[in-house]
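Q: Got a model on the screen and want a quick tour. Can you walk me through it?

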Amino acid sequence: MERKILIVGNWKMNKDVSEAVVFAKEFYPEPGGFGDVDVAVCPPFTAMAALKEAFTNTGIMLGAQNVFYEDRGAFTGEVSPSMLKDLGCKFVIIGHSERREHMKETDKEIGRKVMVALKHRLTPILCVGEDLKQREMGRAVGFVRVQVDKALVDLSSEEMGRVVIAYEPVWAIGTGRTPTSGQVEEMCQAIRATVAGMAGAVAQGMRILYGGSVQKENIAQFVQEPNIDGALVGGASLRAADFRELIAQAQVR
Ligand code: PEP
């Protein structure tokens, strides 16, 4: 099944509103500039409204880096799925390893967020990935399969088919170290097989991304693999010219 490459920039806690607007001006493609690749940017919440305006009619999609699982009420500091829809969001990153580590997000909460995002027609980008110890002990594939299972278990097949999964080994995020494209392909195959076991044929249409020190110099080797459908990009999405070049290098299908 044909799956369109998706490249998503995760700005983490970087860029204020004026920096985001400068980025948008530099990043705006020539007509047809992104070719056959879907592109999304996930800024901090504070820059979302400005980017919604700056990206109008560019084809660049907006995503958030987190969401809460209730729609409104006494949840100080949280942002709801309907608020994200209101800001023009299409995607939301859920379960990033930095949130699992620093905010102690659990698989249960992550599963709840995925479900609520889907109910609001947001596309969750579910992040999974092993740490270095698990990789070295040969337990990476088993660990990631369990993470996928726990996050998706309560969804219908149709809902599972609307999730994007980002395989992000914790040891590769922001470190300059990456697994080989063969190791990533093996993991993405295992993730697809896990989803197929739960949801059947929709797994073939699901996009599975790689994330972890992706750069313009190494993106092509990943997206050439049949089960790697794009990338979640942190540091290299912060500089407009580099991110544009990375996207250009991802046009391989
Ligand atoms: C990320 O934040 O999801 C990520 C993959 O970061 P980096 O590309 O900087 O490793």
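Q: Start with Ile 125. Buried or exposed, and why?
A: Ile 125 counts as buried because its relative accessibility is 0%. Buried means under 20% relative accessible area, exposed means over 50%, and partly exposed is in between (1.4 Å probe, protein chains only).

Q: Before we go on, what kind of model is this?
A: This is a predicted model: local features need pLDDT of at least 70, side-chain atom pairs count only at pLDDT 80 or more, and totals for chains, interfaces and linings use all residues. Residues are numbered from 1 along each chain as its sequence is written, and side-chain values use heavy atoms, with hydrogens and water left out.

Q: OK. Where is Ile 125 found?
A: Ile 125 is in strand S5, residues 123-128. Strands (E, at least two residues) and helices (H or I, at least four) are DSSP runs, numbered from the N terminus.

Q: Which residues does Ile 125 touch?
A: Leaving out residues up to four places away in sequence, Ile 125 touches Val 8, Phe 91, Val 92, Ile 93, Ile 94, Val 164, Ala 166 and Leu 232. Contact means heavy atoms within 4.5 Å.

Q: Now the cores. Which residues touch the most other members in the largest nonpolar one?
A: Ile 7, Phe 27, Leu 152 and Ile 165, in a core of 66 residues. Helix H9 (residues 181-199) gives the most to this core, with 6 residues. A nonpolar core is a set of buried Ala, Val, Leu, Ile, Met, Phe, Trp, Tyr and Cys residues joined through side-chain atoms within 4.5 Å.

Q: What is Leu 152 in contact with?
A: Val 114, Leu 126, Met 160, Val 163, Ile 165, Val 195 and Met 198, setting aside neighbours within four places in sequence. There is also a second, separate core of 13 residues, which includes Ala 40, Met 61, Ile 125 and Val 164.

Q: Switching to the ligand. How many residues surround it?
A: 14 residues, and the closest are Lys 12, Glu 168, Gly 174, Ser 213 and Gly 234. A residue is near a molecule if one of its heavy atoms lies within 4 Å of it.

Q: How does that shell divide?
A: Into 4 nonpolar, 8 polar and 2 charged residues. Here Ala, Val, Leu, Ile, Met, Phe, Trp, Tyr, Cys and Pro count as nonpolar, Asp, Glu, Lys and Arg as charged, and the others, Gly among them, as polar.

Q: What lies 2.7 Å from a ligand oxygen?
A: A backbone N or O atom of Gly 174. For Ser 213, a backbone N or O atom is 2.8 Å from a ligand oxygen. For Gly 235, the distance is 2.9 Å, again from a backbone N or O atom to a ligand oxygen. The protein covers 95% of the 290 Å² of accessible area that the ligand has on its own. Accessible areas come from the Shrake-Rupley method with a 1.4 Å probe.

Q: And where does Gly 234 lie?
A: In the loop between strand S8 (230-233) and helix H11 (240-249). Gly 234 is in contact with Asn 10 and Lys 12, leaving aside neighbours within four places in sequence.

Q: Last one: Asp 38. Buried or exposed?
A: Asp 38 is buried, at 16% relative accessible area. Asp 38 lies in strand S2, residues 37-42.

Notes
Polar contact = N/O pair within 3.5 Å; in protein donor to acceptor, adjacent residues only side chain to side chain.
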